[in-house]
Structures are given as structure tokens and as C-alpha cells.
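Thanks for coming. I will go through some charged pairs, then the sheet, then the packing.

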Amino acid sequence: MSSAYLFDLDGTLYTAAGPVPGAVERLRELRRRRIPHRYVTNTTSRPRAAIVERLRGYGFDASADEVFTAVMAGAQIARTLGCRTVAPFLPPATLVDLGEFELQGGMAGPPARRDATPDAVIVGDLGDRWDFALMQEAFRYLMGGAALIALSRDRYWLRGDGLALDAGPFVVGLEYAAGKEAIVAGKPSRDFFVAAVASLGSGVDPADVVVVGDDVWSDVRGAQDAGCQGWLVRTGKFSERAVIESGIRPDRILESVAQLEVPAPL
């Protein structure tokens, strides 16, 4: 029996159309029964404060310390590497979560001078903002010695008009061009899940933690690699074909998070 949960957000608890039917009620019941849970997301389009605001706007109870984002994880990696300057290739709204660093180039302003290579390139989902000039700029920094921090390697996500490319294809392109492997900050990074599990309390065994999400690679495989259970929901970008072709076996598949059976409090 699971003792705690980590929930993906976009595609799992809500979509572009709003909250997944029954999700608010199910999460409210978890809180009422004092079942520990956290929100984990690779979303890079919003800072953590805005994510909390969105969750609350949909009716979910959420506080900042319950939300783990890939941007926060990326900042931790840059901090560990001793970086002082970073080039952020992620939406401008999230730059506030990188406030401890000097931001050079990318979406923070004009490209850095030729003699001023940033310590790291941080890549998130820029969507339609990606163009050759931005890829070339990031490539130049990497060839100059900058580390490559990927906030995710997600392949695609579900937006209002259908599936759309996520950060992964652009990360892989930069890896190939620069001959440099990215350090992955968000899901499916084991360290990301380990940190989220640790926040649940010292007595929580990863084997008793369920990660619920709509991505078979980032959510399910990432969870299982971290010693947790990976449950897949058929909402969001779920694809039967993707599950079969991935070779990944979810511990459970639910029609939606509304099917979650809430255990009695410990």
C-alpha cells in the first residue's frame, strides 16, 4: 500500500481545458486524511509562485514548499557546479527562479560577448520561440566550455491544439552538435525524485511512494529508477502506442487521477 504520492501537473491534474474531472476532490481527500503528497513538474513556462497560484485557482490546496520544479532543480545543479553566470534558454517569466545567478544571453538579453562565456547553459521549453539564432548562441557557449543543464528531456506535451515538441528534441540537438552530454535536472532524473521523496519526511520509504503522471518516460521510468512506483494516467498526452513501444511497464494504469484509491491515514 502506498504511503505518499508525487503528482505530475499538466496532463495529470489539469490540462488546457482546466482541472481533470474529479482531481480536485481526490487531492482534497488525500489532504483530509493527512496522506503526504507533493507536486512535481518539468514545466518551465511559469515560476514556482505562478504554478502555486494556478493550482489554487483550479481549487487544489498547494503551498510553495509542496511544489518541485525542474527550474529549481536546475538552479541546484548550477549551484553545485559552482556556476556564477548562466545563459537561460527558457521562458522569461521563470527567470525569477534563477535570481541568485548572473544571467547572460539566452532569454535574459543580448548574447554574451565572445570573451565572456557563461558557466552553464540552462535549457527549458521555449516552444515557438526557438530559432536558429538561439540554437547557435547556445551551441557557441557550449563549445566555449559552458556546462549543459537540461531542465527536461521530455519529447512532447499536450497543448490546446494537440501534441507539441517539448525541450528534449532541442537538448538532444545541442548534445549532438557540441559533443557534450546534458545534466538532466528535472524528471526523469533520479536526483529530482529523491529530493521530492526526502521532502515527504525521513520515515518515508521510496518503495511506498507512488508517482502519478501522464508521461511513460519522465514519470513512470523516472519513478521506477528512483525506487518508487510509477502509475500512468490515460489523460493528457497518454498514448497506448507510446507505452507499448517504450518497453516500460507502469506499475498501474488509471483512467485518470480521479480513480485513485485514497488509503486510510497512517
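Glu29 is buried, at 18% relative accessible area; buried means under 20%, exposed over 50%, and partly exposed in between, with a 1.4 Å probe and protein chains only. Its salt-bridge partner is Arg32, with the closest N and O atoms 2.8 Å apart. A salt bridge here is a side-chain nitrogen of Lys or Arg within 4 Å of a carboxyl oxygen of Asp or Glu. Arg32 is exposed, at 56%. Both residues sit in helix H1, three residues apart, about one turn of the helix. Helices (H or I, at least four residues) and strands (E, at least two) are DSSP runs, numbered from the N terminus.

Before going on: this is a predicted model, where local features need pLDDT of at least 70 and side-chain atom pairs count only at pLDDT 80 or more, while totals for chains, interfaces and linings use all residues. Residues are numbered from 1 along each chain as its sequence is written, and side-chain values use heavy atoms, leaving out hydrogens and water.

Next pair: Arg79 and Glu100, closest N and O atoms 2.7 Å apart. This one links distant parts of the chain, with Arg79 in helix H3 and Glu100 in the loop between strands S6 and S7, 21 residues apart. Arg79 is partly exposed, at 39%, and so is Glu100, at 47%. The whole structure has 15 salt bridges.

Now the sheet. In what order do the six strands of the open sheet run? The order is S5-S4-S1-S13-S14-S15, with parallel pairing; two strands pair if DSSP finds at least two bridges between them. S5 and S15 stand at the edges with a single partner each, so one side of each has no neighbour in the sheet. Four bridges join S1 to S13, and Tyr5 has Val210 as its bridge partner in S13.

On to packing. The largest nonpolar core has 33 residues, of which Leu6 and Val209 touch the most other members. A nonpolar core is a set of buried Ala, Val, Leu, Ile, Met, Phe, Trp, Tyr and Cys residues joined through side-chain atoms within 4.5 Å. H3 gives the most to this core, six residues. Beyond its neighbours within four places in sequence, Val209 is in contact (heavy atoms within 4.5 Å) with residues including Ala4, Leu6 and Cys228.

Cys228 is itself buried, at 6%. The structure holds zero disulfides, counted as pairs of cysteine sulfur atoms within 2.5 Å.
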